[in-house]
Amino acid sequence: MSILCANKLLVYVCLVVFSLKEGYATAESHHPQYNHTHAIHVASLLPSSVCSSAAAAAAAHGRDTTSSLPVVHKHGPCSQLHQERANIPTHDEILRQDQARVKSIHSKLAKNLGLTNVKQTDTANLPAKDGSMVGSGNYIVTVGLGTPKKDLSLIFDTGSDITWAQCEPCLRSCYKQKDPIFSPSSSSTYSNVSCGSAACDALTSATGNSPSCSSSACVYGIQYGDSSFSIGFFAKEKLTLTSRDMFNNFLFGCGQNNQGLFGGAAGLLGLGRDKLSLPSQTAVKYKKIFSYCLPSSSSSTGFLRFGNGHVSKSVKFTTLSTIPQGESFYGINMIGISVGGKKLSISGSVFTAGGAIIDSGTVITRLPPTAYSALRSAFRGQMKQYPMAQPLSILDTCYDLSKYSTVRIPVMSFFFSRGVGVPIDARGILYVNGISQVCLAFAGNSDDSDVAIFGNTQQKTLEVVYDGGRGRIGFGTGGCT
């Protein structure tokens, strides 16, 4: 301890100075007034246009020895898909995209998708959007496909089951992507799946659509909530996750008719619970275990890992549940919320009415309206000192922090079955459109009977472990910074 801090009268001052040096710093419990708040430098709320050096190194080199892949935000500077600012969606557009995804999930669970059968002859009748709304997720990993291996940047999504990539030739339409489009004719390990085979028949549960045939080859079709879609041959190919982890005869969609702007990604990596998902297809090696940490900002990296070799000891597990009519989603038993260290008075029946899932592709956590109202009221009550700003799309509690250098926001935790409490990182409490519009990053569903969704903003920096084999899901703090 320094000479200054040796003076007992100045210990508190030293502790406060130390905590504020961290930028997004949690207020330490050295003063009752600040026991349950985060202290945040307002300047740190703004995104960086430069990938951090540590993040760039991780993204470039990966973690081959740990069955781990670097995770980056598809619109951030660490992504190979990073676009000119003019091509990056606005926050209002991102939130509208998110609402389209949530509506699609709710519709799927209500068996009201509308699209029941996609055939090759029906493709012209699929509603074609320009991709301004995409329902596939925000985070990118790079995997290898084919022999010789071709690296492809794919959006990973726990709310989707089938993995697919754009393929040559594009028979009707292919959207623009950064990587070269995969050419199955250039791979020695590619083969089509036969019509009528068990693998082909399994597409119905994985995509929600019945497969069709082209000659003797199986044809898949999947449509997302925003009317973007992928149609093509269902095939087998060699998948390379790391230099040590390769899988022959991996089932995937080779998309020759694809519509939608997927942020320049080559396709999608399906991490759902269906038997065609990646966790199920690699279950012999990984036991249906994978984990990820979503980066704290778009200028840093996280990870996606397979297997249980590197699960932190601090991870606490809750029960993995199943939502009726949504067996491929990862259900969680949400039982409570605290704001500012105080448990909110919400009846348990509010959370059980519609159930809850965790989803890597949904941006903003959706809560039963009764629960959201309680959370919003408690948050606003502890933010009275800051002027409010106009709502941002679905976010109705926003603040103008432009006249402040440091602010304090209440800490927040979510509680799940088996006594698991999950503190939300400060970055997961706020959604920032600029320092003059900083919003509470939660929204309410239309009805308490709609499924709640624990979204990716609230998952930032958490180590989230999916253990499908043992029916559990775990959370640990400080998974990545």
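Contact here means heavy atoms within 4.5 Å. The model is predicted, so that local features need pLDDT of at least 70 and side-chain atom pairs count only at pLDDT 80 or more, while totals for chains, interfaces and linings use all residues. Residues are numbered from 1 along each chain as its sequence is written, and side-chain values use heavy atoms, with hydrogens and water left out.

The pLDDT (the predictor's confidence in each residue, from 0 to 100) averages 84 over the protein chain, and 82% of the residues score at least 70.

| Stretch | pLDDT | Contacts |
|---|---|---|
| Residues 1-32 | below 50 | 42, beyond near neighbours in sequence |
| Residues 112-135 | under 50 | 53, beyond four places in sequence |

A nonpolar core is a set of buried Ala, Val, Leu, Ile, Met, Phe, Trp, Tyr and Cys residues joined through side-chain atoms within 4.5 Å; buried means under 20% relative accessible area, exposed over 50%, and partly exposed in between (1.4 Å probe, protein chains only). The largest such core has 82 residues, and Leu304 and Phe156 are among those with the most contacts inside it. Apart from that core lies another, of 24 residues, including Trp164 and Ile162.

Beyond four places in sequence, the contacts of Leu304 include Phe156, Val141 and Phe290.

Trp164 belongs to strand S6 (residues 164-166), strands being DSSP runs of E with at least two residues, numbered from the N terminus. Trp164 counts as buried because its relative accessibility is 0%. Among its contacts beyond four places in sequence are Leu154, Tyr175, Tyr220 and Phe262. The C-alpha atoms of Trp164 and Gly232 are separated by 9.1 Å, although these residues are 68 residues apart along the chain.

Definitions and conventions. Helix = DSSP H or I, 4+ residues; strand = E, 2+ residues; numbered from the N terminus.
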